[in-house]
Amino acid sequence: MGRMTQATPHNPAQNPFHMVTIPGTDLEITPLNLGGNTFGWTSTEEESFDVLDAFVAGGGNFIDTADVYSQWAEGHSGGESETVLGSWLATRGNREDIVLATKVGSLGSAPGLTRDVVLRNLDDSLERLQTGVIDLYYYHFDDESVDIIDQVDTAAALVDSGRVRYIGLSNYRPERMREFFETAQVRDRRAIPVAIQPDYSLLARSGYENDFQGIAEEYGVAVFSYFSLASGLLTGKYRSADDISGAAREAMVRRYLEKGSDPFGVVDILVEIADRHSAEPTSVALAWVLAKGVTAPIASASRASQIPALLAATRLQLSDDEVTALDVASAQF
């Protein structure tokens, strides 16, 4: 498969969203990024196809995955999500309608960001995704054993190869992320990241707001927040610690309780505001992230029935008072 042309939504004239352009690119996206971590994990291939079909039917075009998904599940080795997504893209024949993001750097069988590892993992991702090009390719985690200048040179080589269109960064220390931007600006502008992917939600504010928001604003890059629903805690389905027991993501959800704070107070405010709008708490949680200037929050779904609440967030207008109420409730995080 050759290099893709600009990705556009399947019926743009009927698309219900105000599309946004990732700064420094020609990629137009919906302001909601569908996360692919559930594909082949909490969703079977058939269920994943249903989720993806519902997302596209609702006007979505921006999908995020990683080579490591879902390595953490028993019997999995990574690549499961990309394989399911690649099968869907091939079956539906809609690759040119999709803005596709994946990541490299944390696969257990080939970790790190040395050039040979990155190139080998890119080959494998392209094969699993059944495509010839990745629109947005993230360094998933920093590899501090590899100098930033070498990471930048590898990134430039990826773009030069035509198999990666743009570079993104996730899970770097602020100092290393800033060094990456500064180095790329001087050494090879093709390697300048166009997006960062921070952990940001009502239950995880301090890291982004104190460290990474300033970097994003200084370099004018897009922000695609992950864990935007706090591993499902902000969907409203968990109203107490007892509700979490036995959940598929129990360990991931419980980390929000281990901070010594009360996340359920935030959930209560979410539910109150959602009721006021006849909306789902999911939509309100994502609308708050959008109100904070995030370009497109990442959110996943294990069932197609969950998609409407995700997409509804992009049309939900919170009042200043509602944003402030959520700010106050979540200030401890």
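My entries on one helix pair and on salt bridges follow.

I am working with a predicted model, in which local features need pLDDT of at least 70 and side-chain atom pairs count only at pLDDT 80 or more, while totals for chains, interfaces and linings use all residues. Residues are numbered from 1 along each chain as its sequence is written, and side-chain values use heavy atoms, with hydrogens and water left out.

Entry one, a helix pair. I looked up helix α8 (residues 263-277) and helix α11 (residues 320-329), whose axes come within 9 Å and cross at roughly 165°. That makes α8 roughly antiparallel to α11 (angles over 145 degrees count as such). On the α8 side I found V266, I269, L270, I273, R276 and H277 in the contact, and on the α11 side E322, A325, L326 and A329 (contact means heavy atoms within 4.5 Å).

Entry two, salt bridges. I searched the whole structure and found 18 salt bridges (a side-chain nitrogen of Lys or Arg within 4 Å of a carboxyl oxygen of Asp or Glu). R276 forms a salt bridge with E272, 3.1 Å from N to O, and the two are separated by about one helical turn, being four residues apart in helix α8.

I then looked up R128, whose salt bridge with E82 has its closest N and O atoms 2.8 Å apart. This pair links distant parts of the chain, with R128 in helix α3 (residues 115-129) and E82 in helix α2 (residues 80-92), 46 residues apart. E82 counts as buried, at 0% relative accessibility (buried means under 20% relative accessible area, with a 1.4 Å probe and protein chains only).

How values were computed:
Axes fitted to C-alpha atoms, helices over the stretch in contact; angles between N-to-C directions. Parallel < 35°, antiparallel > 145°, perpendicular 65-115°, else oblique. Buried < 20%, exposed > 50% of the residue type's maximum accessible area, 1.4 Å probe, protein only.
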